[in-house]
Amino acid sequence: MFRTRSRQGPGTGAAAQALRLVKVTRSFGSGEGAVTALDGVTLTLARGTFTAVMGPSGSGKSTLLQCAAGLDLPDSGIVQVDGTEMTGRTEAELTRFRRARVGFVFQQYNLLDTLTVAQNTVLPLRLAGRRVDRRRAQEVLTAVGLGDRLGHRPAQLSGGQRQRVAIARALVTEPRVIFADEPTGALDTRSAREVLRLLRDAVRVHGRTVVMVTHDPVAASYADSVLFLADGRLAGRLDMPTPDTVAERMAHLGDDVAMGV
Ligand code: ADP
Ligand code: MG
């Protein structure tokens, strides 16, 4: 099963892809209680694209993101991020790769309460052993509208501001791919819009690739395309989504699965 692969994918075709999954399967538990969270997912996302992932609760969205980001390992299949194969690597190699080339944004921000906004923001640089420059924190926090909050603690910020710090932290290493799991799930409409604009600008202005799980059709409409998941399988794709077309597809997702589409 394990073959030796070169660090870069085979040829420029694979290297041009930000994310490639081939027949990725992930199960939890065993025997009667076993759950197949991902059931042979194959997909390719080009660099510089913004993709939303939608599907019912329990359809495997978070597992997909974790496996794609190298935070979890699939049972079988291939995961390539930015042309580099994630499967068959040691934990230390995966960690080093994530710190250099991947950014994360979570629903609950995951900031460290004891650190200032500036310290939280540059933490990925510190962990990667890179030079930490105060100007870099200032620059990236200014870009998310928090240039005057460097010395604050997360507890002194609103939810929307905390999530903008989390985005600054995800951007600070200039990663190739940013993964966001329900980044607007805990935010009011206005803060959500600001966060979505920042993610969209990361793609449009800075050429990053963003993959975002959401249950909100309005949030999904900020993306270039939407992938639908149902029961651990891809159940469709929608390009140039609008809130209405996304909601319509979500409503009929069960039908598509029943028809085996
Ligand atoms: P979603 O994010 O779409 O709600 P998840 O990817 O979190 O779905 O979960 C997909 C399925 O896998 C669910 O049935 C969930 O209970 C199960 N699952 C996810 N993570 C684990 C885990 N660490 N241990 C056991 N079951 C899990
Ligand atoms: Mg989830």
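Helix 2 gives the most to the shell around ligand 1, with three residues. The model is predicted.

## The ligand shell

Eleven names make up the surroundings of ligand 1: Phe 28, Val 35, Ala 37, Pro 56, Ser 57, Gly 58, Ser 59, Gly 60, Lys 61, Ser 62 and Thr 63. By type, the shell divides into four nonpolar residues, six polar and one charged.

| Residue | Protein atom | Ligand 1 atom | Distance |
|---|---|---|---|
| Gly 58 | polar backbone atom | oxygen | 2.7 Å |
| Ser 62 | polar backbone atom | oxygen | 2.9 Å |
| Thr 63 | polar side-chain atom | oxygen | 2.6 Å |

Taken alone, ligand 1 exposes 560 Å², and the protein buries 57% of that area. Two elements give two or more residues to the shell: strand 2 (35–46) and helix 2 (61–68).

The loop between strand 1 and strand 2 holds Ala 34. This residue counts as partly exposed, because its relative accessibility is 41%. Leaving aside residues up to four places away in sequence, Ala 34 touches Phe 28 and Gly 29. Phe 28 also belongs to the ligand shell.

## The nonpolar cores

The largest nonpolar core has 47 residues. Within it, Phe 50, Ile 167, Val 210, Met 212 and Val 226 touch the most other members. Helix 7 (residues 189–204) gives the most to this core, with seven residues.

What does Met 212 touch, not counting residues up to four places away in sequence? Its contacts are Phe 50, Thr 51, Ala 52, Val 53, Ala 180, Pro 183, Leu 196, Leu 199, Ala 219 and Ala 220.

Met 54 lies in strand 3 (residues 50–54). Is Met 54 buried or exposed? It counts as buried, because its relative accessibility is 0%. Beyond residues up to four places away in sequence, Met 54 touches Lys 61, Thr 214, His 215, Asp 216, Pro 217, Ala 220, Val 226, Leu 227, Phe 228, Leu 229, Val 246 and Met 250. Of these contacts, Lys 61 is also in the shell around ligand 1. Asp 216 is 162 residues from Met 54 along the chain, and their C-alpha atoms are separated by 8.3 Å.

Thr 184 sits in the loop between strand 7 (177–181) and helix 7. Thr 184 counts as buried, because its relative accessibility is 9%. Residues up to four places away in sequence aside, Thr 184 touches Ala 192, Val 195, Leu 196 and Ala 219.

## Helix 4

Helix 4 spans residues 117–127. Which of its residues are buried? They are Val 117, Ala 118, Asn 120, Thr 121, Val 122, Pro 124 and Leu 125. An α-helix has 3.6 residues a turn, so residues three or four places apart point the same way. The cover over the buried residues of helix 4 includes helix 5 (134–143) and helix 6 (159–171). Gly 129 follows helix 4, and its phi is positive, near 70 degrees.

## Exposed positions and positive phi

Lys 23 is found in strand 1 (residues 17–28). Its phi is positive, about 50 degrees, although Lys 23 is not a glycine. Lys 23 is exposed, because its relative accessible area is 59%.

Asp 231 occupies the loop between strand 9 (225–230) and strand 10 (233–239). Here too phi is positive in a residue other than glycine, with a value near 50 degrees. Asp 231 is exposed, because its relative accessible area is 59%.

Val 205 is in the loop between helix 7 and strand 8 (209–213). Why does Val 205 count as exposed? Val 205 has a relative accessible area of 57%, and exposed means over 50%. Gly 48 is 157 residues from Val 205 along the chain, and their C-alpha atoms are separated by 9.5 Å.

Definitions and conventions
Residues are numbered from 1 along each chain as its sequence is written. Chains are lettered from A and ligands numbered from 1 in the order in which they are written. This is a predicted model: local features need pLDDT of at least 70, side-chain atom pairs count only at pLDDT 80 or more; totals for chains, interfaces and linings use all residues. Side-chain values use heavy atoms; hydrogens and water are left out. A residue is near a molecule or strand if one of its heavy atoms lies within 4 Å of it. A polar contact is a pair of N or O atoms within 3.5 Å; within protein, one must be able to donate a hydrogen and the other to accept it, and residues adjacent in sequence count only if both atoms are side-chain atoms. Accessible areas come from the Shrake-Rupley method with a 1.4 Å probe; for residues, only the protein chains shown count as cover. Helices (H or I, at least four residues) and strands (E, at least two) are DSSP runs, numbered from the N terminus. Ala, Val, Leu, Ile, Met, Phe, Trp, Tyr, Cys and Pro count as nonpolar, Asp, Glu, Lys and Arg as charged, and the others, Gly among them, as polar. A nonpolar core is a set of buried Ala, Val, Leu, Ile, Met, Phe, Trp, Tyr and Cys residues joined through side-chain atoms within 4.5 Å. Buried means under 20% relative accessible area, exposed over 50%, partly exposed in between (1.4 Å probe, protein chains only). Contact means heavy atoms within 4.5 Å.
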